[in-house]
Amino acid sequence: MATAPNTFIPLPELSKEVAEWVGSVAQLTQPHRIHWCDGSAAEMAQLRNELIAKQELQPLNAESFPDCYLARSHPSDVARVEHLTFICTSKQEDAGPNNIWMAPAEAHQKMDALFQGCMQGRTLYVVPYCMGPIDSPYSRCGVEITDSAYVVINMGIMTRMGRPALERIAADRTFIKGLHSIGELNPDRRFIMHFPEELSIKSFGSGYGGNALLGKKCHALRIASYQARTEGWLAEHMLIVGLQNPQGETHYVACAFPSACGKTNLAMLIPPDSMPGWKVFTVGDDIAWLHPGPDGRLWAINPESGYFGVAPGTSPKTNRNAYEMIRKDTLFTNVARTANNEPWWEGIGAGEPSIDWLGRPYEAKNGPAAHPNSRFTVSAVHNPAYTPEAENPRGVPISALVFGGRRRELAPLVYEARSWAHGVLVGASVASETTAAATGAVGVVRRDPMAMKPFCGYNFADYWQHWLNVGAKLKSPPKMFHVNWFRQNADGKFLWPGFGDNLRVLSWMLDRCAGRAQAQDTAIGYLPRPQDLNTTGLDISAENLNEILSVKSDAWRKEVADIRSYLGEYGARLPAALLAEVDSVEKRLG
Ligand code: GTP
Ligand code: SPV
Ligand code: MN
């Protein structure tokens, strides 16, 4: 007989390290059985069928939404919980004012008490996964242990999950250990703990999104950002999009916007009719791992293989690509249903809700039919704008980095930073209205540097210094910009049409990168004048366009004072170069 390929080696025998860890977790959590996930389609189908039998998953209309399902999370478990998310470094200063800290020993003790016997009568799933293309030197693997089949199905879509990942772990001899249990879904016994120095995560008491799919925010941002600092790269809350102009040149742009502030939408935008010849390719919609390349440029991979996207607001008008992408093979969570058993949410633009996200007959007095943070999970390959570049092991070269926030006032539509260091200040100063992606008040403006406030696994002061260091290594650094699609008038109406029309702003940026476009020099950076933007076919009044392309000195002086006081919270660790940038903006404002 020829030597057996790896498919004949039972999964638990592939990696001694993983098997030992699984053994010790099983001893602690006492599951009824252990299932090693191979990531096959048959395995996914079986898990779905088990959830359907338990009525934890409902098949949707098989004709209009084939292989689509609806899951409902516990009503108290519908978003990330930032107040229950901890960074457990041995020194508190290393976590920084941006994180909630707990001493590692205390955190382990607290979590192990919760995990003690928590899987009795349940299945323990071993979920090996790879963040990034399996054959990329930039990819990193992890293993999530969970007692939630819903989590396994999501991880199967969002990551390269199963045997190939475990084979890579066996070769790498290293992996992130992520231990997860839904526990009793009791908000008083819910904690998301990160141990960056130990490369491990412990998450208890939530089954939702970033709290539970540990490959995503816990690994690919919090742990990875910590690793990236020691290794000279960046793990960022950024989409990656390729833009091909009518001349056939493609440039890639990475954009950091806070949660529910437009990354998925920008990553798959459809050019307006008045911009013929443009093509858009999605590389990623939420996370980018950025590496300085040997050519002095910055290269990006998307560590994920699917989208966990916001449903509300998704319609054929706002995002036709997404609307088409989620008509098959999609898992919906916390959306409403129509009488016809199709998914429904606010802003979908057609149909009517019959059953709300809680499973009750829909009544307007109960509030929105779909939860504002309801989501779809779908494989990236179903995106009409998918590009195989998302599988390129060396990633794609980045021409521009864009920061943005959701601000009804002040921040103009777009401005360009003067230099890398100024761009780091622009990123560090991002402020944005809070959204339903995290529990707590919505619509409150807060500082969300680089859209990483909830996701940076270490002290922001060190993080900004690291950003400055990475820039210093780049011979051809990307240009940096700030955007705001969300300016409103006094009646609360958006001044900028957004969505596909955002390409007008991206195209100005690329022209700036190529040295082809004009700008006005303002105190906060370079802004396009109205005539510098392609406004053919754009539905906006001259007055509104002027409004979103202007810089009001008085308001900005207040803003810069606020930025200075915010940065001051980081004390002596704050890079002097960042303060020097604040000084120079202040001086320009006069
Ligand atoms: P996370 O997955 O939470 O990280 O969010 P995201 O940044 O990918 O946000 P997403 O693209 O899902 O957008 C969130 C909400 O903002 C949706 O309801 C969108 O319809 C809306 N939105 C996105 N882009 C625009 C825009 O250009 N203008 C306006 N007015 N709304 C937008
Ligand atoms: C976000 O909140 O930024 C998300 C959703 O992308 S979650 O996976 O819950 O973090
Ligand atoms: Mn996100």
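The site of the manganese ion (ligand 3) is irregular, with angles of 68 to 174° among its six donor atoms. This is a predicted model. Which protein donors hold a place at the manganese ion (ligand 3)? They are Lys-217 through NZ, His-237 through NE2 and Asp-286 through OD. These protein donors lie 2.2 to 2.3 Å from the ion. Along the chain, the donors follow the spacing K-x19-H-x48-D.

Lys-217 belongs to helix H8, residues 215–231. Asp-286 is in the loop between strand S15 (279–284) and strand S16 (288–292). The pair therefore ties together parts that are 69 residues apart in sequence. Are Lys-217 and Asp-286 buried or exposed? Both are buried, which means under 20% relative accessible area.

Next, turn to the nonpolar cores. The largest one has 97 residues. Within this core, Leu-401, Trp-464, Trp-467 and Leu-567 touch the most other members. Helix H5 (residues 149–158) gives the largest share, eight residues. Where does this core lie? Domain 1 (11–58 + 81–231) and domain 2 (236–305 + 389–589) both give residues to it, so the core lies between them.

Take Trp-467 as a close-up. Leaving aside residues up to four places away in sequence, Trp-467 touches Leu-234, Glu-236, Met-238, Leu-401, Phe-403, Trp-420, Val-424, Met-450 and Met-480.

A second core is separate and has 36 residues. Among them are Val-253, Ala-267, Val-402 and Trp-496.

Technical notes
Residues are numbered from 1 along each chain as its sequence is written. Chains are lettered from A and ligands numbered from 1 in the order in which they are written. This is a predicted model: local features need pLDDT of at least 70, side-chain atom pairs count only at pLDDT 80 or more; totals for chains, interfaces and linings use all residues. Side-chain values use heavy atoms; hydrogens and water are left out. A nonpolar core is a set of buried Ala, Val, Leu, Ile, Met, Phe, Trp, Tyr and Cys residues joined through side-chain atoms within 4.5 Å. Buried means under 20% relative accessible area, exposed over 50%, partly exposed in between (1.4 Å probe, protein chains only). Helices (H or I, at least four residues) and strands (E, at least two) are DSSP runs, numbered from the N terminus. Domain bounds come from an automatic or database domain assignment. Contact means heavy atoms within 4.5 Å. Donors are N, O and S atoms within 2.8 Å of the metal (3.2 Å for Na, K and Ca); water is not among the atoms, so sites may look incomplete. Four donors count as tetrahedral if all angles lie between 85 and 135 degrees; four count as square planar and six as octahedral if opposite donors are over 155 degrees apart and all others between 65 and 115; anything else is irregular.
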